[in-house]
Amino acid sequence: MARYFFDVSNGGDVSDDVGLVFDDAHTASQEALRSLPDMVKDQPLTRMGEKVSVTMRDDHGIPVYRATLTIEGEWLTRQP
Amino acid sequence: MALSKSPFGLLARRLGGDAPLPVAAERAILGLPLIIRTIEASRDIKYEGGTADHCCVILDGWTCCYQSLTDGRCQILSFHVPGDLPDLQSLYLPSPDLGMATVTRSIVAFVPHAEMRKLSDQYPAIAQAFWREVLVSAATHRAWITSLGRRDARQKLAHLFCELYLRLKAVGFTDGNSMPMPLRQTDFADALGLTSVHVNRMLKTLREEGVIDLYARRLVISDWEALCAVADFNPKYLHLTD
């Protein structure tokens with residue numbers, strides 16, 4: 001069991017000062033990855049190429065993993 | 001022992017709803033034979049033999065009802081606080097379609113179904129109170145469906161906080177604008193259909209907005225009006241009486 005911290009970047013950067021306890025780094029990284037759709041769901045998508053990322057730090061504060069999701073949309077005809 | 005101080009004082013008050021129960025009905029509640037068990041945190045509350053022949057009443061601590069998927073994921077359906085009867089439905093549906101578990105160490109009273117039936121047969125006010133309990137429980141599930149389906153993560157959390165605060169306040173477990181908050185981020189995640197990482201992020205947002213504070217297993221509601229506004233909260237569905 002170890003505590004990991006999850007800093008979120010979606011437009012602005014929000015650093016995590018509470019953290020979450022997971023069995024191991026792999027489980028924590030999976031949760032970080034799965035959180036991306038959650039986060040995107042809640043934010044207004046206004047720009048193309050909108051990016052959301054979660055950087056996971058271990059309990060020494062060292063970044064060990066980053067998950068990123070990019071939302072893209074493009075017109076296939078002339079933009080109406 | 002005065003009714004208000006007895007383990008069933010909470011129950012009598014709860015079942016009373018809008019109007020206090022007739023004295024005879026209150027006495028009958030006080031005279032219920034009950035088995036009281038203390039159950040450690042994070043344990044299943046199980047029925048012997050898999051079929052319910054008792055209803056439980058939460059006397060102290062927090063419990064939850066849940067359903068699990070075969071891959072191990074879990075959906076928490078409701079949280080229960082002192083005074084609650086989380087499995088009143090088992091009186092007529094003894095084969096459980098959900099699991100019950102403790103969140104914190106809890107004191108739970110088990111009342112035989114036969115005794116519950118006797119109570120409701122003898123006292124129409126109690127039969128009506130059971131009906132009311134089940135209907136309020138259904139109303140609460142409806143509110144949760146709306147929340148799960150249509151609120152965003154920040155609103156879902158705010159809505160749950162509003163609900164839990166009012167329910168705890170009704171049984172005297174709040175202290176001013178603060179209340180015990182034994183739920184962990186993973187519990188919120190399992191109740192609200194979110195990942196714990198996102199819950200963590202949204203709790204931080206609510207704290208930074210000055211709406212709530214969360215420390216030492218207590219929730220402080222710094223701005224009730226703002227919390228209700230975030231949640232789009234209407235307490236009607238709880239049908240609480242002051």
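Is Gly16(B) buried or exposed, and at what relative accessibility? In this predicted model, Gly16(B) counts as buried because its relative accessibility is 14%, which falls under the 20% cut-off.

**View 1. Gly16(B) in helix H1 of chain B.** Gly16(B) lies in H1, the helix that covers residues 9-16 of chain B.

**View 2. The largest nonpolar core, with 43 residues.** The residues with the most contacts inside this core are Trp62(B), Phe79(B), Leu157(B), Phe161(B), Met181(B) and Phe188(B). Two or more residues come from each of several elements of chain B, among them strand E3 (63-68), strand E4 (74-80), helix H4 (124-150), helix H6 (185-192) and helix H7 (196-208). Helix H5(B) gives the most, with ten residues, and the core draws at least three residues from each of domain 1 (3-137) and domain 2 (151-238) of chain B. A second, separate core has 22 residues, including Ala25(B), Val57(B), Leu91(B) and Leu119(B). In soluble globular proteins, nonpolar side chains tend to be buried together.

**View 3. The surroundings of Phe79(B).** When residues up to four places away in sequence are not counted, Phe79(B) touches, among others, Thr63(B), Cys64(B), Asp84(B) and Val103(B). The contacts of Phe79(B) also include Trp144(B), Leu160(B), Leu164(B) and Arg167(B), as well as Leu183(B), Asp187(B) and Ala191(B).

**View 4. Helix H6(B), a mostly covered element.** Six of the eight residues of H6(B) are buried, namely Gln185(B), Asp187(B), Phe188(B), Ala189(B), Ala191(B) and Leu192(B). These buried residues pack against strand E3 (20-22) of chain A, and also against E4, H4, H5 and H7 of chain B. Just after the helix, Gly193(B) takes a positive phi of about 65°.

**View 5. The packing of H4(B) with H5(B).** The axes of H4(B) and H5(B) are 10 Å apart, and the two helices pack at an angle of about 160°. Because this angle is over 145 degrees, H4(B) is roughly antiparallel to H5(B), and H4(B) passes H5(B) in a right-handed crossing. On the H4(B) side, Thr140(B), Ala143(B), Trp144(B), Ser147(B) and Leu148(B) take part in the contact, where they meet Lys156(B), His159(B), Leu160(B) and Glu163(B) of H5(B).

Technical notes
Residues are numbered from 1 along each chain as its sequence is written. Chains are lettered from A and ligands numbered from 1 in the order in which they are written. This is a predicted model: local features need pLDDT of at least 70, side-chain atom pairs count only at pLDDT 80 or more; totals for chains, interfaces and linings use all residues. Side-chain values use heavy atoms; hydrogens and water are left out. A nonpolar core is a set of buried Ala, Val, Leu, Ile, Met, Phe, Trp, Tyr and Cys residues joined through side-chain atoms within 4.5 Å. Buried means under 20% relative accessible area, exposed over 50%, partly exposed in between (1.4 Å probe, protein chains only). Helices (H or I, at least four residues) and strands (E, at least two) are DSSP runs, numbered from the N terminus. Domain bounds come from an automatic or database domain assignment. Contact means heavy atoms within 4.5 Å. Axes are lines fitted to C-alpha atoms, for helices over the stretch in contact, and angles run from 0 to 180 degrees between N-to-C directions. Angles under 35 degrees count as roughly parallel, over 145 as roughly antiparallel, 65 to 115 as roughly perpendicular and the rest as oblique. A crossing is left-handed if the near helix is turned anticlockwise from the far one by less than a right angle, and right-handed if clockwise.
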